[in-house]
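Let's take a walk through a protein together. Keep the picture open beside you and look for each spot as we get to it.

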Amino acid sequence: MIPFYIETYGCQMNVSDSEVVARLLSDNGYQPCNRPEEAGVILVNTCSVRDSAEKRVIARLDQFARMKRKDPSLKVAVLGCMATRLKEELLAHPAVDWVVGPDSYRLLPGLLDASQAAPLQVKLSKTETYADIKPYRCLTPGITAFVTIMRGCDNMCAYCIVPYVRGRERSRDPLSIEEEIRDLVAAGYREVTLLGQNVNSYLWKPEDGSTPVNFAMLLDRVAGISPLLRVRYTTSHPKDMQDDVLHTMAAHPNICNHIHLPVQSGSNDILKKMNRGYTREQYLERIASIRRILPGCGISTDIIAGFCSETEEDHLQTLSLMEAVRFDQAFMFRYSQRPNTLAARHYRDDVPEAEKIARLNRIIDLQNRLSLESNRADVRKVFEVLVEGVSKRSDEDFFGRTQTNKVCVFPRGNSTVGDYVRIKVKSCSAATLKGEIINKTNRI
Ligand code: SAH
Ligand code: SF4
Ligand code: F3S
């Protein structure tokens, strides 16, 4: 058995993909290890979404190149989104032996044992979903797991590299999704997060011509697998998020009351240039529907500061939208131009770096206040929390999340990992709730 070490960058889809790769390798004479120093093969699963993400990976590859000089038998494969984007350029890096894109992982065992020659495998597929491969849950052991339900993206948001590096959108057979989740429940898992770049456009068309399965239907089927299994999903797209999904969430107590709905900007001019397919008003209308159909639902978002031609007025519109929605959480970025995207081809990246940073900082400051206010409003309330593990800060505490996706820390009491507990919130910061167990329920 040859030890392999896999390092994962980027989004949850990459975490899920790394677990597919770990299965393919562990079925073919390799075994996972926890440190690159112990490995015969290092795999780096990469992200291209921002320039900073790519720079981090290149710095890591430089380190692996130094390791290889000491141990020439060490082999390195670059996987993921940078593989598709940079191709030969990556193969020329002194650390790199293979460059394998997101739709070519089935080739890995053959490539690693040298029975297959060409070290560059980056062709994208219109059909590959790895539906039949059971992920080796080495990155998400025990309680919560990711389940990829679709791959690729057809949306062409102007700033975004994902459609170019991940290829066309395709949905995975719902039967294989349900089977995977039933296995997870049998193995003791208590939470799954269904993954796709735009889950709202999930659509499975059966070959026999029977009724197609859309996302609301899939969600309904997954939620029905076990009342003890929490279901989450990400990412929703405001232009495709319909009320049917909200009603399905309302009908199932085990579908978590949380929606990640990236807005990107609060300005209609910028949303249009971004090719997002909705206006500020339409976004706010979606939020109103969520609040009406799912009272108390947690709402999080993604925001980009300093997209092409963004003015101070546009930026103020983003701040005012944040205030209007009162997001519970947000991931916030400054715009990073990606080669060959619509924006790179058609617009000038004309907001000065210092201005991007200043705007991003204002967005972060505002969100810190909104997150703190949102958490303060939860103090003295009671929430169902799934116990996920030991708190980083103290061995005496456990952590878990509320359905609304807030991290909650509390003294262990008589609970164990995997329990459902009711927690009364006693205090908070902008990032965490602190509470105490009222009782163990072990039901949702
Ligand atoms: N499919 C998801 C996530 C895409 S990537 C979606 O549609 O929202 C995650 C986030 O990265 C995006 O929501 C966006 O906020 C950010 N992002 C994508 N491209 C970017 C770029 N070129 N510069 C800065 N942030 C970017
Ligand atoms: Fe990128 Fe837009 Fe697709 Fe999300 S929906 S992955 S932001 S192109
Ligand atoms: Fe994910 Fe980054 Fe690729 S965000 S899809 S790993 S470009």
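To follow the names, you need to know that helices (H or I, at least four residues) and strands (E, at least two) are DSSP runs, numbered from the N terminus. This is a predicted model, where local features need pLDDT of at least 70, side-chain atom pairs count only at pLDDT 80 or more, and totals for chains, interfaces and linings use all residues. Residues are numbered from 1 along each chain as its sequence is written, and side-chain values use heavy atoms, with hydrogens and water left out.

Let's begin with a pocket. On a 1 Å grid over the protein atoms alone, a pocket is an open set of points with protein on both sides within 12 Å along at least five of seven lines; a cavity is a set where a 1.4 Å probe fits but cannot get out, and lining residues have an atom within 4 Å of a point. Which strand gives the largest share of the lining of the second largest pocket? That's β18, with 3 residues. The lining has 14 residues in total, and K392, F399, V407, V409 and T432 sit nearest the centre. The pocket's volume is about 430 Å³, a volume being the space filled by probe spheres set on the grid points, which are joined across faces, edges and corners.

Now for the cavity. The structure holds 1 cavity of 30 Å³ or more, and the largest cavity has a volume of about 70 Å³. It is lined by 13 residues, with S16, V20, P135, T148 and R172 closest to its centre. Both α1 (12-26) and β7 (144-148) supply at least two of the lining residues.

Next, find two helices, α9 (residues 243-251) and α11 (residues 280-293). Their axes come within 10 Å and cross at roughly 20°, where axes are lines fitted to C-alpha atoms, for helices over the stretch in contact, and angles run from 0 to 180 degrees between N-to-C directions. That makes α9 roughly parallel to α11, a label for angles under 35 degrees. In the contact (heavy atoms within 4.5 Å), α9 brings D243, L246, H247 and A250, while α11 brings R286, S289, I290, R292 and I293.

Finally, two backbone details. A cis peptide bond joins T234 and T235, with omega about 10°, and T235 is in the loop between β13 (230-234) and α9.

Notes: Chains are lettered from A and ligands numbered from 1 in the order in which they are written. Angles under 35 degrees count as roughly parallel, over 145 as roughly antiparallel, 65 to 115 as roughly perpendicular and the rest as oblique.
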